[in-house]
Every structure is written in structure tokens, then in C-alpha cells.
Amino acid sequence: MAAQLDLSLLANISDPDLRASLQRLGNAMVEAPSAPAQEPAPPSGAKVIQFPLFPETTRPVSNDMARSALFSCIQGKDRRFIKDALLATVDGVEIRFTGEQLNQDDHDLLMTLVFLARTPALGKWVTVSAYAILKALGRKVSGKQYRELRADISRLAAGMVSIRNARDKIEYIGHHLIAQALQHEISRHWIYRLDPELGPLYGDMTHTLIDWEKRRASKGKDLARWVQLYMATHARPYPVKVDTLRQLSGSRAKALRNFRAQLRLALDDLTANEDIVDWRIEMPDDLVFVDRGKATSKSQRRLLDRIGSRT
């Protein structure tokens, strides 16, 4: 059921056509017979749930998403439609997905939309121009790019994600990464809202801030971008098998030796991009060791210091 459009958005919109269209849409949603009654305002002193105020130079990533095959390292042309598929994840989390497969470009878009939604209460409508989204993503601006952005937003809105906490035996079914989205076709502004139930995925201990400049510098290097996020979510990455990374990244490489060769190139790319300072693969266990060096964030260093003080 559609949520009522927040008409307070109108005050910040200078485009008269867009403002008039939203006014008509908001009135129609209120007057429609099937529209739900407006929810009462929260009581005085009630906590308003919203994302943290992410710094401008960063983008947030959910640790559970980054450590799974939800946003894989495949190219757009290799997408498949999957139904209720159990994706590769780390221990303790299970993720099922129905829809057109998502990749690293989709993850960049979601990170950007979450970043833009950091100010209003979680689940409220956000308005932003398509031009601003494309520029934030480092994409060109053209008719083709506008059409591709529409397809990308539609993909995020249509895909259904179910997340199960294996420890607590609780499964959250039916999440859509974008709850709803509207586009004003003349001004090309997007108005969207995120699923408020996604809030816990971006809590203090469940999300990581990504250096956006370094992220954009890795554009087009699909496996490197996946590994970039995976490693960034670990204060001190522990050794992990090459085959484990192949599964978690959603790689289509059938032969492990082929993936290992691709992984070596990706790790070299991350070293050149200063996401990590060193790496090695040790045999016979085929374990990947990574040193993030100064790329470890201040909050992650504080966590390591607390852990160290207890040992």
C-alpha cells in the first residue's frame, strides 16, 4: 500500500512543474478511497529513526550486504533472473533474493541513495534530480544514462530480499531495497523512499563508511570493487580461502585457478588504489592474507585497541 507523499518536500523544490505535479499527486493520494488514514504524529520526545549523518566524502555500506553475493562481481550483460535463491554469505547470516541479479553498479547506486536519505526520518520521501544522482555516481549525463538510471532504480525496487539471522532464528521476508520510487518525467527528478526496516543494517556496528573517491577510482573493475567493500568491512581482515571469496563474490569463474588469477589482479588494483598496502596467497591452504594499513578507519582502530586491551 502506497505511503502518503510528504508535501513538505514542495518547499525545497524550485521547479514549478515538478512542484505542481507533486501537489496534485499528494492531493490524489489523500483523496483516494483506498488511501490509509494519515498516521498520527509521534508523541513528544519519541525517538525519530534515521540513518547516521554520513560524512560527505564517504558512502555507507551494510556489512552483511558487502560480505555476500547479493551485489556480485558480474557485469550487467551477465545478469540472470533468480527466484528465492540462497546466496553465499558469511556464517550467521542467510540472504535470499528474488529478482534480476544485482552487481557492483547497483551497490554504488544503493549506497548513494542511502547517503542522500541520511537527513529525513527513515522511510520518508527523498527528492533528488536524476542529474545529481548520475554526477554522484561519476556517470556521464545523456538520454541513454537517464534511461539506464531508470532501469537501475527499477531493479532495486523490484528485487525482494529476505535476511535471516541464523543465531536468533529470525527471518525478515519481503524487503525491497527501495520501497517506492516516482519520477517526474519533465524535470527528471526522482522521489523515493527506503524500507525503514533496513535501518538495523546501518547501525553503529553493522555498517562501514567507504571512501567515495577511492570507490569511484575503481569503476569498471568488478571483482576489485567487490573485494574492496569486503575488506573494508573488516578492521583487520582475517585469512580467507580463495574459494570462499569466489563464492561470496558471486563470481562466474568455474575453474578455481582462473578465479585465483583474477583475484591477484584485483588485489594489485586495490594496492595501487591504496585500499590495501599488501597481500599474499599462501599455499597449501590457498589462504588470502591482506594488510589494509592506513586504510583502516579511526573507528576500526579504536575497536582494535579495545580488543587489544582485553587480551
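Me: How many bridges join strand 7 (residues 160-165) to strand 8?

Reply: This is a predicted model, in which local features need pLDDT of at least 70 and side-chain atom pairs count only at pLDDT 80 or more, while totals for chains, interfaces and linings use all residues. Residues are numbered from 1 along each chain as its sequence is written, and side-chain values use heavy atoms, with hydrogens and water left out. Helices (H or I, at least four residues) and strands (E, at least two) are DSSP runs numbered from the N terminus, and two strands pair if DSSP finds at least two bridges between them. Strand 7 and strand 8 run antiparallel, and the number of bridges that join them is four.

Me: Which residue in strand 8 is the bridge partner of valine 161, and which residue of the hairpin takes a positive phi?

Reply: The hairpin of strand 7 and strand 8 has four residues between the strands. Valine 161 has its bridge partner in strand 8, namely histidine 175. The positive phi, near 60°, belongs to lysine 169.

Me: Is arginine 167 buried or exposed, and how far is arginine 167 from valine 93 in space?

Reply: Arginine 167 is found in the loop between strand 7 and strand 8. Buried means under 20% relative accessible area, exposed over 50% and partly exposed in between, with a 1.4 Å probe and protein chains only. At 68% relative accessibility, arginine 167 therefore counts as exposed. Arginine 167 and valine 93 are 74 residues apart in sequence, whereas from C-alpha to C-alpha their separation in space is 8.1 Å.

Me: In what order do the four strands of the open sheet lie, and which are the edge strands?

Reply: The pairing in this open sheet is antiparallel, and the order of its four strands is 3-4-7-8. Neighbouring strands are turned by 5° against each other on average, direction ignored, where axes are lines fitted to C-alpha atoms, for helices over the stretch in contact, and angles run from 0 to 180 degrees between N-to-C directions. Two strands of the sheet pair on one side only, and these edge strands are strand 3 (81-87) and strand 8 (170-175).

Me: Which residue in strand 4 is the bridge partner of leucine 86?

Reply: Strand 3 and strand 4 (residues 93-100) run antiparallel and are joined by five bridges. The residue of strand 4 that is the bridge partner of leucine 86 is arginine 96.

Me: Which residues have the most contacts inside the largest nonpolar core?

Reply: A nonpolar core is a set of buried Ala, Val, Leu, Ile, Met, Phe, Trp, Tyr and Cys residues joined through side-chain atoms within 4.5 Å. The largest one has 46 residues, of which six, the largest share, come from helix 3 (residues 104-116). Contact means heavy atoms within 4.5 Å, and leucine 177, not counting residues up to four places away in sequence, touches residues including Met65, Phe71, Leu110 and Leu198. Those with the most contacts inside this core are Leu70 and Leu177.

Me: Why does the pair of tryptophan 226 and tyrosine 230 count as stacked?

Reply: Both residues lie in helix 7 (residues 222-232), four residues apart, about one turn of the helix, and both are buried. Rings of Phe, Tyr and Trp (its six-membered ring) pair if their centres lie within 6.5 Å, and planes under 30 degrees apart count as stacked, over 60 as edge-to-face and the rest as tilted. The ring centres of tryptophan 226 and tyrosine 230 are 5.2 Å apart and the pair is stacked because the planes stand at 15°.

Me: Why does aspartate 222 count as buried?

Reply: Aspartate 222 also lies in helix 7. Leaving aside its neighbours within four places in sequence, aspartate 222 is in contact with Cys73, Ile74, Gln75 and Gln104. Aspartate 222 counts as buried because its relative accessibility is 15%.

Me: Over the ring of which residue does the charged end of arginine 280 sit?

Reply: A charge sits over a ring if NZ of Lys or CZ of Arg is within 6 Å of the ring centre and within 35 degrees of the ring normal. Arginine 59 lies over the face of phenylalanine 115, at 3.9 Å from the ring centre. For arginine 280, at 4.3 Å from the ring centre, the residue is phenylalanine 289.

Me: At about what angle to strand 13 does helix 9 (residues 256-272) run?

Reply: Three strands form an open antiparallel sheet in the order 12-14-13. Strand 13 and strand 14 (residues 287-291) pair over five bridges, and isoleucine 281 has valine 288 in strand 14 as its bridge partner. Helix 9 lies across strand 13 and strand 14, and its angle to strand 13 is about 160°.
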